[in-house]
Structures are given as structure tokens and as C-alpha cells.
Amino acid sequence: MIVNVTRNPSSLNLILFIGAFLSYWIILKKNIPFLTALNSFNLLSISNLSKLKNLLVLRIEGNLISDLKEIESLKNLFELKYLSFQNFDHSLENPICALKNYKKTVIKFLSKIENLDYYALHLENEKNDFN
């Protein structure tokens with residue numbers, strides 16, 4: 001079936017959603033270390049991602065994540081180095097980013113993180129600034 005997405009933008013959204021869903025399913029099944037397809041899907045929780053032990057990159061900008069417990073749910077992802085709850089210009093951020101202890105909580109539970117929201121945390125001093 002051929003769909004003209006220029007005349008029916010909802011068809012394009014459906015196609016994009018199906019593609020992202022299939023990517024997500026493949027990543028879960030194969031435990032692929034790079035995940036980037038979860039931007040702007042109105043996600044409320046990411047706790048189910050804790051099974052992806054080899055996850056290296058997690059980009060989940062523009063969702064509805066608002067509870068700091070969601071960060072704690074990722075604490076056993078020891079390979080996770082790059083995490084973004086918001087993009088570099090803050091136009092796609094989760095409500096969690098506005099919470100007072102957001103960055104401090106990330107550093108507390110995800111001490112191996114090297115890059116948070118597109119900002120490097122490579123120096124131990126920078127990490128200590130959040131404590």
C-alpha cells in the first residue's frame with residue numbers, strides 16, 4: 001500500500017510511530033547499546049529500559065517524564081554514558097528537567113554518565129559541583 005503522506009500528515013505520524021516502535025522492540029530483543037528513537041512520544045516512564053544492560057546512549061527528549069524515581073530506575077545501566085532528557089536549546093524537555101534536584105539526582109544514581117543533556121561531565125570536579 002502506498003500512502004501519500006503530503007496529503008495526509010497523520011499517515012506520516014503513523015508511519016513514524018510504527019518505525020520507532022519496531023526500532024524500540026528490536027533494541028529490547030537484541031539489547032543493542034544505542035537508543036535514540038524515543039524522542040517526543042509522550043512517555044511517562046522509562047523504568048522498563050532498566051533491562052537494557054548494555055545501553056550506552058539514551059535520548060528521550062520531549063516526553064512527559066516528571067518523577068525523579070525514573071532516574072533511579074536506570075541505576076543498573078552501568079554502560080550508560082550519554083543521557084538527555086532535554087535537547088541543547090531546551091525546546092524539547094521533560095518536566096523532570098525543571099525539578100530542583102534533577103541534575104544532582106542524575107549524578108547520584110548514574111555516576112558513570114559522561115554527558116548529560118549535551119553537556120560534558122568528564123571532570124570529577126564538575127560532578128562534585130552537583131553534590
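Author: Let's start at Leu-83. Setting aside residues up to four places away in sequence, Leu-83 touches Leu-58, Val-106, Leu-110, Ile-113, Asn-115, Leu-116 and Asp-117. One caution: this is a predicted model.

Reader: Which residues have the most contacts inside the largest nonpolar core?

Author: Leu-83 is one of them. Helix H3 gives the largest share, three residues.

Reader: What is Ser-84 in contact with?

Author: Leave aside neighbours within four places in sequence. Then Ser-84 is in contact with Leu-58, Arg-59, Ile-60, Glu-61, Asp-117 and Tyr-118.

Reader: Arg-59 and Glu-61 carry charges, I think. What does Arg-59 form with Glu-61?

Author: A salt bridge. The closest N and O atoms of Arg-59 and Glu-61 are 3.4 Å apart.

Reader: Are these two partners buried or exposed?

Author: They differ. Glu-61 has 1% relative accessibility, so Glu-61 counts as buried. Arg-59 has a relative accessible area of 28%, so Arg-59 is partly exposed.

Reader: How many salt bridges does the structure hold?

Author: Two. Glu-72 forms the other one with Lys-75, where the closest N and O atoms are 3.7 Å apart. Glu-72 is partly exposed at 32% relative accessibility. Lys-75 is partly exposed too, at 38%.

Reader: New topic: rings. How many aromatic pairs turn up in the whole structure?

Author: One. Phe-85 and Tyr-102 have ring centres 5.8 Å apart and planes at 85°, so the pair is edge-to-face.

Reader: Why does 85° make the pair edge-to-face?

Author: Because planes over 60 degrees apart count as edge-to-face, and the planes of Phe-85 and Tyr-102 are at 85°.

Reader: Let's zoom out. How many helices and strands are there?

Author: Four helices and five strands. Along the sequence, the pattern is α-β-β-α-β-α-β-β-α.

Reader: What share of the residues is buried?

Author: 32% of the 131 residues in the chain. The accessible surface comes to about 8300 Å², and 58% of that belongs to carbon and sulfur atoms.

Reader: Back to your caution. What is the average pLDDT of the chain?

Author: 77, and 64% of the residues score at least 70.

Reader: Which elements have the highest and the lowest mean pLDDT?

Author: Helix H2 (residues 69-72) has the highest, 95. Helix H4 (residues 124-129) has the lowest, 51. Over residues 1-9, the pLDDT is below 50. Beyond near neighbours in sequence, that stretch has four contacts in the model.

Key:
Residues are numbered from 1 along each chain as its sequence is written. This is a predicted model: local features need pLDDT of at least 70, side-chain atom pairs count only at pLDDT 80 or more; totals for chains, interfaces and linings use all residues. Side-chain values use heavy atoms; hydrogens and water are left out. Helices (H or I, at least four residues) and strands (E, at least two) are DSSP runs, numbered from the N terminus. Buried means under 20% relative accessible area, exposed over 50%, partly exposed in between (1.4 Å probe, protein chains only). Accessible areas come from the Shrake-Rupley method with a 1.4 Å probe; for residues, only the protein chains shown count as cover. Rings of Phe, Tyr and Trp (its six-membered ring) pair if their centres lie within 6.5 Å; planes under 30 degrees apart count as stacked, over 60 as edge-to-face and the rest as tilted. pLDDT is the predictor's confidence in each residue, from 0 to 100. Contact means heavy atoms within 4.5 Å. A nonpolar core is a set of buried Ala, Val, Leu, Ile, Met, Phe, Trp, Tyr and Cys residues joined through side-chain atoms within 4.5 Å. A salt bridge is a side-chain nitrogen of Lys or Arg within 4 Å of a carboxyl oxygen of Asp or Glu.
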